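Please examine the sequence and the structure together before reading on. The paragraphs below then lead through them step by step.

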Amino acid sequence: MSGNIRLLSDTLAAAKAEGRAALIAYLPAGFPTVSGGIDAIKAVLDGGADVVEVGLPHSDPVLDGPVIQTADDIALRGGVKIADVMRTVREAFTATGKPVLVMTYWNPIDRYGVERFTAELAEAGGAGCILPDLPVQESALWRQHAEKHGLATVFVVAPSSKDKRLAEITAAGSGFVYAASLMGVTGTRESVGTQAQNLVERTRATTELPVCVGLGVSDAAQAAEVAGFADGVIVGSAFVKRMLDAPDHAAGVEAVRALAGELAKGVRGQA
């Protein structure tokens, strides 16, 4: 079975045709439980997200700030496995028909087996992977199997990336480019900053792929700001925080559904 890279590309193109940025949400699998995490991810997609990233919880999440680390710890203590991540992808895609990516560090895939991981992700209906710590020069094996199974390979670029390096990264990637808005880890911030816009412009000079911005976006106003210069707006910690702050699971699910609706208005300039 082939993965859904085409669905991802078509979804981003459709948002562009509407004159807006796409809304890409992130939530980790297994948080607060496997079934509970699936409920939350479905709610985010139903609430207005165009694409979702399912986080594969990891004990050493180098890109993730304290909010996502807390959720990952809850998921890991609950015994989440890669099979649960695949189940999450499958159920979210089946229920919504929207593109579902996995965001993961390289070590879990390496231990699981690249061929096995890509085959299972494609079978589950996944659209691809975001791989924040896999160096492009070491990515040939992954890309070979991802392409074979119809999966996107999304690499992360940062404000520190030199133009030559940007070109190397974007030439190897597919689906879209994840532009980290600042140097540091994920988390909500007061402002997204001007370096994000500069990074998008420099990245676009090297590729035809959509450039989507993450790290720091937490509300509709910030989403609208980023949507003014990026092809997609990526929001993670704000969703996780809504879940963590909720008095119970049902309230958390409704809170992330509502936030998705607010952010969807933001990327459409209706905030």
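Two strands are said to pair if DSSP finds at least two bridges between them. Helices (H or I, at least four residues) and strands (E, at least two) are DSSP runs, numbered from the N terminus. This is a predicted model, in which local features need pLDDT of at least 70 and side-chain atom pairs count only at pLDDT 80 or more, while totals for chains, interfaces and linings use all residues. Residues are numbered from 1 along each chain as its sequence is written, and side-chain values use heavy atoms, with hydrogens and water left out.

The confidence of the model comes next. The pLDDT is the predictor's confidence in each residue, from 0 to 100. The protein chain averages a pLDDT of 92, and 93% of the residues score at least 70. Over residues 183-191, however, the pLDDT is below 50; this stretch has 30 contacts in the model beyond near neighbours in sequence, a contact being heavy atoms within 4.5 Å.

The sheet may now be followed from strand to strand. It is an open sheet of nine strands with parallel pairing, in the order β5-β4-β3-β2-β1-β9-β8-β7-β6. Because β5 (152-154) and β6 each have a single partner strand, they stand at the edges, and one side of each is left without a neighbour in the sheet. Helix α4 (residues 82-96) packs on the sheet and touches β2 (51-55) and β3 (100-103); its direction makes about 160 degrees with that of β3. Such angles run from 0 to 180 degrees between N-to-C directions, and the axes are lines fitted to C-alpha atoms, for helices over the stretch in contact.

Consider β3 in more detail. On one side, β3 pairs with β2 in the parallel sense over four bridges, and Gly55 stands opposite Met103. Three bridges also join β3 to the parallel strand β4 (residues 128-130), where Ile130 is the bridge partner of Met103. In a regular strand the side chains alternate between the two faces of the sheet. In β3, Val100 and Val102 point one way and Leu101 and Met103 the other way, and all are buried; buried means under 20% relative accessible area, exposed over 50%, and partly exposed in between (1.4 Å probe, protein chains only).

Strand β6 (residues 156-157) pairs with β7 in the parallel sense over two bridges, with Val157 opposite Ala179. Four bridges link β7 to strand β8 (residues 211-214), again in the parallel sense, and Cys212 in β8 is the bridge partner of Tyr178.

Finally, the interior deserves attention. A nonpolar core is a set of buried Ala, Val, Leu, Ile, Met, Phe, Trp, Tyr and Cys residues joined through side-chain atoms within 4.5 Å. The largest such core has 90 residues, and those with the most contacts inside it are Phe117, Trp142, Phe176, Val233 and Phe239. Helix α12 (residues 249-267) supplies the largest share of this core, seven residues. Leaving out residues up to four places away in sequence, Trp142 touches residues including Trp106, Phe117, Cys129 and Thr153.
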